[in-house]
Amino acid sequence: MTRVAIFVDTQNVYYTVREAYGKHFDYRRFWAKVTANREVVAARCYAIDKGDAKQREFQTILRSIGFDVRLKPFIQRADGSAKGDWDVGITLDAIEYAEKVDVVVLVSGDGDFDLLAQKIREVHGKRVEVYGVPQLTAASLINAASEFIPIERELLLGG
């Protein structure tokens, strides 16, 4: 059975799906699609924790689906900007699991992950599937993936 590790850039998916479609990503449908006939070695969603009840409810839903939810505190800077980036954490985890799986799934449109996808393919010889909103996913990430799977109607709530 194909072994898979799944890494979801939750903030990126939330904002790109909302911007492109005005909807939400369907994590249950995604899980069913990405795990079919595969052994899940790791499945992580990376998010920012603002501590509100609605967010905690969402995190509980993710856990019930099968995801390990990784949280970082939301940091509001004095100048009004915010910090809450998981790029390094996702990268470290994906590199760690690349040795243990056949396929690495990355859900993000962030072009910063193009080097990660390229490295996993070239150095570790593993397949990298990238899920992202087509018009909001960096071309460099699409090109670095073994396969790009567009987030479209079938992966949207109410889609």
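Colleague: Which residues does Phe 30 touch, leaving out those up to four places away in sequence?

Modeller: Keep in mind that this is a predicted model. Phe 30 touches Ile 6, Val 8, Phe 25, Phe 67, Val 105, Val 107, Tyr 131 and Leu 155.

Colleague: Which residues have the most contacts inside the largest nonpolar core?

Modeller: Ile 6, Phe 30 and Phe 67 do, in a core of 25 residues. At least two residues of this core come from each of E1, helix H1 (10-21), helix H2 (27-35), E2, H3 and E6. H2 gives the most, with four residues.

Colleague: What else is there besides that core?

Modeller: There is a second, separate core of 22 residues, and Phe 7, Ala 42, Ala 117 and Ile 120 are among its members.

Colleague: Back to Ile 6: is that residue buried or exposed?

Modeller: Ile 6 is buried, and its relative accessible area is 0%. This residue lies in strand E1. Beyond residues up to four places away in sequence, its contacts include Trp 31, Val 34, Phe 67 and Val 105.

Colleague: How many residues of strand E1 are buried?

Modeller: Six of the eight, so strand E1 (residues 2-9) is mostly covered.

Colleague: Which strands does E1 pair with?

Modeller: E1 pairs with strand E2 (residues 38-49) in the parallel sense, over eight bridges. On that side, Ile 6 has Ala 43 as its bridge partner, and Phe 7 has Arg 44. E1 also runs parallel to strand E6 (residues 103-107), joined by five bridges. There, Val 8 stands opposite Val 107.

Colleague: Let's zoom out. What is the strand order of the whole sheet?

Modeller: The order is E3-E2-E1-E6-E7-E8, an open sheet of six strands with parallel pairing. Strand E3 (68-73) and strand E8 (147-150) are at the edges; each has a single partner strand, so one side of each has no neighbour in the sheet. From one strand to the next, the twist averages 20°.

Colleague: Which strands does helix H3 touch?

Modeller: H3 (residues 53-65) packs on the sheet and touches E2 and E3. Its direction makes about 150° with that of E3.

Colleague: Great, thanks, that helps!

Conventions:
Residues are numbered from 1 along each chain as its sequence is written. This is a predicted model: local features need pLDDT of at least 70, side-chain atom pairs count only at pLDDT 80 or more; totals for chains, interfaces and linings use all residues. Side-chain values use heavy atoms; hydrogens and water are left out. Buried means under 20% relative accessible area, exposed over 50%, partly exposed in between (1.4 Å probe, protein chains only). Two strands pair if DSSP finds at least two bridges between them. Contact means heavy atoms within 4.5 Å. Axes are lines fitted to C-alpha atoms, for helices over the stretch in contact, and angles run from 0 to 180 degrees between N-to-C directions. A nonpolar core is a set of buried Ala, Val, Leu, Ile, Met, Phe, Trp, Tyr and Cys residues joined through side-chain atoms within 4.5 Å.
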